[in-house]
Protein chains: 2
Amino acid sequence: MEGKGILLIMDGLGDLPDKLGRTPLSAAKKPNMDKLAKEGILGLLSPIGRGNVPGSDTSHLTLLGYPYWEFYCGRGPLEALGSGIKLRHGDVAFRANFATVKNGKILDRRAGRIPTELGKKLAQRICKMYIEGIEVSFMSTVEHRGVVVMRGPGLGANVSPTDPHEIGPVLESHAFREDSAKTARVLNAFTKRAMEELSKAPENSGRALAANAILSRGPGTYVEVEPFVKRLGITGVCVAGGALYKGVARYIGMDIIGVKGATGSKDTDLKAKGKAAVEALKSHDFVFVHVKATDSFSHDKNCEGKKKMIERVDKELVPLIRGSGANLIITGDHSTVCALGKHTGDEVPLLAWGPGFRADAQKKFSEVSCMGGGLGHLDGWDLMPVMLNAMGRARMVGT
Amino acid sequence: MEGKGILLIMDGLGDLPDKLGRTPLSAAKKPNMDKLAKEGILGLLSPIGRGNVPGSDTSHLTLLGYPYWEFYCGRGPLEALGSGIKLRHGDVAFRANFATVKNGKILDRRAGRIPTELGKKLAQRICKMYIEGIEVSFMSTVEHRGVVVMRGPGLGANVSPTDPHEIGPVLESHAFREDSAKTARVLNAFTKRAMEELSKAPENSGRALAANAILSRGPGTYVEVEPFVKRLGITGVCVAGGALYKGVARYIGMDIIGVKGATGSKDTDLKAKGKAAVEALKSHDFVFVHVKATDSFSHDKNCEGKKKMIERVDKELVPLIRGSGANLIITGDHSTVCALGKHTGDEVPLLAWGPGFRADAQKKFSEVSCMGGGLGHLDGWDLMPVMLNAMGRARMVGT
């Protein structure tokens with residue numbers, strides 16, 4: 001299918017070899033991807049430049065044509081957008097957690113991972129406050145997770161988090177720059193009043209770990225950016241389970257398809273995602289499909305789980321998107337090394353296949369075969385130009 | 001011949017494989033280029049960055065050391081300069097066509113490709129006008145082609161063309177920016193007066209397709225740039241048939257050698273060009289040789305013609321430049337895919353050979369062998385530094 005493209009991101013796909021030289025990708029039985037590799041062309045991807053360690057947010061922005069150094073607005077706005085919250089230009093948003101605080105110390109950063117329903121009820125008690133002329137909203141999302149949004153004049157996002165990311169006292173926020181002094185004061189006042197309200201909440205009575213505090217982090221100012229269809233010249237749509245990836249898509253103005261069973265977890269329905277992606281090609285030029293669990297297994301240092309997840313993607317998702325005949329790029333947003341359980345700046349294997357791509361001499365899809373791939377070494381910002389060219393949708397520069 | 005270099009550009013050289021995996025370059029019988037490939041080093045070139053689709057003008061500027069984002073001034077000035085027209089800093093120039101208009105509609109965008117002689121005669125009737133204090137000149141070049149040049153205060157080049165690039169009414173030009181409002185008015189007035197004058201011209205009587213209108217496009221403001229010898233530190237000369245390529249050379253201050261039989265068409269005298277290039281090495285450090293027909297065949301979707309043109313270059317031109325002993329780079333300014341008949345952003349095969357270049361393990365010159373070439377993936381702005389280094393003429397940065 002000329003003129004169309006699918007980008008499949010297996011989160012954290014790249015890895016380092018074990019003592020026998022195997023990575024989850026090289027060890028996985030994945031006949032469908034290997035066939036694509038044989039017929040297509042390989043390369044290695046540095047999502048935010050050689051050696052640099054990408055976050056999932058900065059990487060996805062860059063891969064989708066919005067280089068992080070220009071467009072990254074912090075995690076808060078992306079999480080908020082991904083949870084379906086509407087933001088206005090200038091809003092400051094934080095990722096937030098319900099937590100348990102006792103005698104001024106955090107007992108549990110996640111309040112025992114409270115059920116989503118309880119979070120929704122508690123949120124009603126702190127959903128709207130006005131502090132120094134700023135409207136402060138709190139919205140719960142999934143389990144202990146939520147979002148704090150500030151709206152009003154004189155806000156900046158250069159503030160420290162109240163979440164210490166460990167057990168200890170709730171932190172006082174302070175501004176790194178004068179333009180954000182008001183934000184820090186408002187955040188501290190909100191944190192204090194939220195704790196007062198939640199401590200009184202009858203929903204918390206009888207719970208060993210009362211959800212009686214809100215911890216905030218990942219501040220960012222939401223700004224409107226040039227929409228995807230205008231910047232890239234094609235229509236784009238996202239098929240993802242995780243909120244962050246949907247948030248990135250919404251931020252850059254891509255459409256989002258809700259897929260039943262797409263959970264962003266290891267139990268995600270890959271066939272449903274594949275079918276949705278192929279169906280979406282009828283209405284859109286470009287589909288971004290995201291699979292999260294490869295990364296989650298890596299963070300859990302579960303190499304076998306990562307390998308099996310790659311095998312599931314090969315069996316359940318790849319045949320569907322191959323069958324569409326669209327140009328395909330299959331890669332990751334960064335390497336997450338199982339042995340370390342964390343993101344690294346190692347290059348990510350990349351496979352491209354379709355009517356607009358050349359073929360190289362490689363036969364399998366692995367970190368090592370990609371080293372000899374015909375696409376060579378790509379930076380994240382090369383990805384959409386290369387895809388647009390394969391789709392025949394790149395604009396000529398000059399005459 | 002150390003210290004000297006020849007850059008041979010076969011326009012639109014790169015291609016995508018057919019169903020049997022062949023491209024015009026890989027299928028061509030070209031023993032001389034393959035011998036150079038065996039003795040030299042290969043790579044892949046992205047003239048204006050990975051995936052981006054180059055025009056011939058932006059590409060050549062960048063390849064010759066003048067990156068397009070800083071130096072591209074639009075097609076008009078380059079065409080004018082290439083036709084031998086002298087421009088002054090600030091002139092606004094357009095590429096123009098004689099066309100046939102009847103009842104307000106364009107019947108033929110090229111007026112039946114009128115003979116050059118008729119164009120010259122008709123041009124005398126509209127060669128100079130004064131509109132709003134602006135001197136407007138028209139010069140015919142080859143067949144239906146010509147150039148419009150505006151000279152005077154208050155001009156800008158941010159205007160739309162009057163040439164609709166299809167059959168329909170002649171377009172009214174409008175300004176994209178306020179600084180170009182006068183340019184649009186002057187162009188519209190010129191277009192109207194030119195039509196009045198040409199409609200009365202006795203040279204048109206009896207012609208089914210009267211050359212009675214001028215269509216303009218490719219506006220650009222000419223600015224003087226740092227000359228080649230100063231910017232690169234070497235003397236350079238151009239051997240080309242096509243006006244655009246000579247225009248690029250003149251714009252950047254290279255010398256130009258007129259070669260009898262160098263037509264910019266498929267009948268061009270390749271031996272004459274090769275001899276001229278080798279002769280030019282006596283007076284210059286660097287020679288840029290351009291062959292246009294490979295691109296023309298690609299635009300016509302004539303794969304076989306492109307292949308045979310490459311074989312002709314191999315037989316008639318390559319032995320001469322090889323014989324000079326100078327450092328050689330043979331590549332294209334972009335890929336023009338025969339199956340599509342248009343420019344693409346696919347990487348262009350590149351071959352380098354000579355006393356200043358290493359040798360790699362590759363044996364033939366093709367898109368696929370270049371994927372494994374020792375030079376890897378080059379951007380257009382890498383080309384002159386690589387050539388200067390091979391020539392031993394690069395300046396050290398630091399001590």
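How many disulfides does a search of the whole structure find over all chains? Please then turn to helix 7 of chain A and describe where A:N188 is found.

Modeller: This is a predicted model, and a search of the whole structure finds 0 disulfides over all chains. B:C238 is in no disulfide, and the nearest cysteine sulfur, belonging to B:C73, is 16 Å away; a disulfide would need the two sulfur atoms within 2.5 Å. With a relative accessible area of 0%, B:C238 is buried. B:C370 is likewise in no disulfide, the nearest cysteine sulfur being that of B:C338 at 17 Å. B:C370 counts as buried because its relative accessibility is 1%, the limit for that class being under 20%.

As to the part you asked about, A:N188 is found in helix 7 of chain A, which comprises residues 181-200. The relative accessible area of A:N188 is 18%, so this residue is buried, again by the limit of under 20%. Leaving aside residues up to four places away in sequence, A:N188 touches A:T162, A:L171, A:E172 and A:S173.

The length of helix 7 of chain A can be checked against expectation. Its 20 residues, at 1.5 Å a residue, should span 28 Å, and its end C-alpha atoms are 30 Å apart, which agrees.

Over all chains, the structure holds 12 aromatic pairs. In one of them, the rings of A:W69 and A:W381 have centres 5.1 Å apart and planes at 75°, so the pair is edge-to-face. A:W69 belongs to helix 4 (residues 68-71) of chain A, while A:W381 lies in the loop between strand 16 (376-379) and helix 14 (383-390) of chain A; the pair therefore ties together parts that are 312 residues apart in sequence. A:W69 counts as exposed at 53% relative accessibility, whereas A:W381, at 32%, is partly exposed. Together with A:Y68, A:W69 and A:W381 form one aromatic cluster.

In chain B, the ring centres of B:Y222 and B:Y251 are 6.2 Å apart and the planes lie at 65°, so this pair is edge-to-face. B:Y222 counts as buried at 10% relative accessibility, and B:Y251 is buried with a relative accessible area of 3%.

A charge over a ring is found in each of these chains: the charged end of A:R231 sits over the ring of A:Y66, 4.9 Å from its centre, and the charged end of B:R231 sits over the ring of B:Y66, 4.9 Å from its centre.

Finally, chain A can be laid on chain B with an RMSD of 0.3 Å by a turn of 120° and a shift of 0.0 Å along the axis. The two copies are thus related as by a three-fold rotation axis. Only 5% of the interface residues of chain A are also interface residues in chain B, so the copies meet through different surfaces.

Terms used:
Residues are numbered from 1 along each chain as its sequence is written. Chains are lettered from A and ligands numbered from 1 in the order in which they are written. This is a predicted model: local features need pLDDT of at least 70, side-chain atom pairs count only at pLDDT 80 or more; totals for chains, interfaces and linings use all residues. Side-chain values use heavy atoms; hydrogens and water are left out. Rings of Phe, Tyr and Trp (its six-membered ring) pair if their centres lie within 6.5 Å; planes under 30 degrees apart count as stacked, over 60 as edge-to-face and the rest as tilted. Helices (H or I, at least four residues) and strands (E, at least two) are DSSP runs, numbered from the N terminus. Buried means under 20% relative accessible area, exposed over 50%, partly exposed in between (1.4 Å probe, protein chains only). A charge sits over a ring if NZ of Lys or CZ of Arg is within 6 Å of the ring centre and within 35 degrees of the ring normal. Contact means heavy atoms within 4.5 Å. The expected span of a helix is 1.5 Å times one less than its number of residues. Copies are superposed by least squares on the C-alpha atoms of residues with pLDDT of at least 70 in both.
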